[in-house]
Amino acid sequence: MVLKLEHLRKIIGGILLVSLIAIGFSNPFQEYLHIPKEITLFEGQTANLSKAIPVSASLSSDNSNMEINDKDQSIALKANHYGKDEMLLELAGIPIKKVDVKVLKDFRVIPGGQSIGVKLNTVGVLVVGHHQVQTENGKVSPGDLAGIKVGDIITEINGEKIEKMSDVAPFVQKAGKEGVPLDVAISRESGKVRTKLTPLKEKGGENYRLGLYIRDSAAGIGTLTFYHADSKKYGALGHVISDMDTKKPIVVENGQIVRSTVTSIEKGSNGDPGEKLARFSSDKKVIGNIEKNSPFGIFGKLNRKMDNGIMDEPMPIALSHQVKEGPAQILTVVDNDEVQLFNIQIVSTIPQKFPATKGMVIKVTDPKLLKKTGGIVQGMSGSPIIQNGKVVGAVTHVFVNDPTSGYGVHIEWMLQQAGINIYAKPREKAS
């Protein structure tokens, strides 16, 4: 008897499904078919599974109970929780979608927004250009003759480690006087290279030259994105720092961040991105180190917590698939040291499965910020993006032809680059 009733229920459900599609409900069902096969949530968070018929799933912290809310009573959607890791969406007994559920431990970070000064020390010395040495036999660049390229990093000379520019000069003068070429070790994108480099004497002078322009450090300003109180780790900028001459990412040996003060704003316009002008704080007190310079920003540890004066308590984060198109805010500084909250719109967002930059397109909508800056300006990179009480990402780039708009990176990938594990599962409670 039970089997017959179940069979009859499924027949009725099938007729109902066909009838609903026939009278114009095909789009909602099509959307249900596109509900992800897997959803990931932090403890206590809610996931909206569908736009057409708003259905949300929320899980308890012990990962054993699930509530499914069907907000549209005209269509009776039922969700059965099949144990701890999956659920089944049904309509009148007809299975529509099975969804795997992954619950993560509650995770929070403190949003930034503060203006910071960045000082990077490179691995070795960076070659940023060639120059011609005027010799008795004409102009020539010894470095160019040795096959050294712009963007190369000189890491060793004659087996000795090179850390700064002042390390190079003694080798050059000694080799020139002795007439012996230097054995130079180079790091470049394609791998490690060794070459012989013979310094040449400048005509009318006593010094020997390499015919190379080199640099061992870089400095600039940006914005702090987040601080994780438990690990003391931070993330900032949201994009890689590249050398201004070579346009290549700077390979970091170490570095520091200090407080900075915004002194003025060069307003952006179409075809001409604006810029924050800032100075390092007068005390030049180091507030953190720099351990990594990656496509997702700079990362390291702070010496102490930095308050922004607006949102100083830990906040939940959103994974890339949880970020939605719509209103949001950014925290940033446009006057002195004051962090302010400004309105933006998330125009589009990509639910990325693997780390990638430019996951969001954002647009500044706040009249006050538009009046002050024209939109997104250089130095604003790293400004945290807040949506629905969660940290969702950071500002990274401005569109040259539309300074009101630009790209953002998802916070999920910045945290991963910082070496913070956000994917830990909660401990299950005893039954």
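Predicted model: local features only at pLDDT ≥ 70, side-chain atom pairs only at ≥ 80, totals over all residues.
Two or more lining residues come from each of the strands β9 (115-130), β18 (212-228), β21 (275-280) and β30 (390-399). Strand β18 provides the largest share of this lining, with 6 residues. By residue class, the lining of the second largest pocket comprises 19 nonpolar, 10 polar and 4 charged residues.

V334 belongs to strand β26, which covers residues 326-335. The relative accessible area of V334 is 4%, so this residue is classed as buried, the limit for that class being under 20%. Apart from neighbours within four places in sequence, the residues in contact with V334 are V262, I265, Q340, F342, L369, K372 and T373. The C-alpha atoms of V334 and L277 are 9.5 Å apart in space, while the two residues are separated by 57 residues in sequence.

For aromatic side chains, the count is 1 pair. This pair consists of F399 and Y407, whose ring centres are 4.9 Å apart. The planes of the two rings stand at 80 degrees, and the pair is therefore edge-to-face, a class that requires an angle over 60 degrees. F399 is partly exposed, at 26% relative accessibility. Y407 is likewise partly exposed, with a relative accessible area of 25%.

Side chains of opposite charge can pair when their charged atoms come close. In this model the count of salt bridges is 13. One of them joins D307 and K305, with the closest N and O atoms 3.4 Å apart. Both residues are partly exposed, D307 at 46% relative accessibility and K305 with a relative accessible area of 37%.

E163 has a relative accessible area of 44% and is partly exposed, whereas K161, with 53%, is exposed. In the salt bridge between K201 and E206, the closest N and O atoms are 3.7 Å apart. K201 counts as partly exposed at 37% relative accessibility, and E206 is exposed, with a relative accessible area of 62%.

Key: Residues numbered from 1 in each chain as written. Heavy atoms only, no water. Helix = DSSP H or I, 4+ residues; strand = E, 2+ residues; numbered from the N terminus. Nonpolar A, V, L, I, M, F, W, Y, C, P; charged D, E, K, R; others polar. Buried < 20%, exposed > 50% of the residue type's maximum accessible area, 1.4 Å probe, protein only. Contact = heavy atoms within 4.5 Å. Phe/Tyr/Trp six-rings, centres within 6.5 Å; stacked < 30°, edge-to-face > 60°. Salt bridge = Lys/Arg side-chain N within 4 Å of Asp/Glu carboxyl O.
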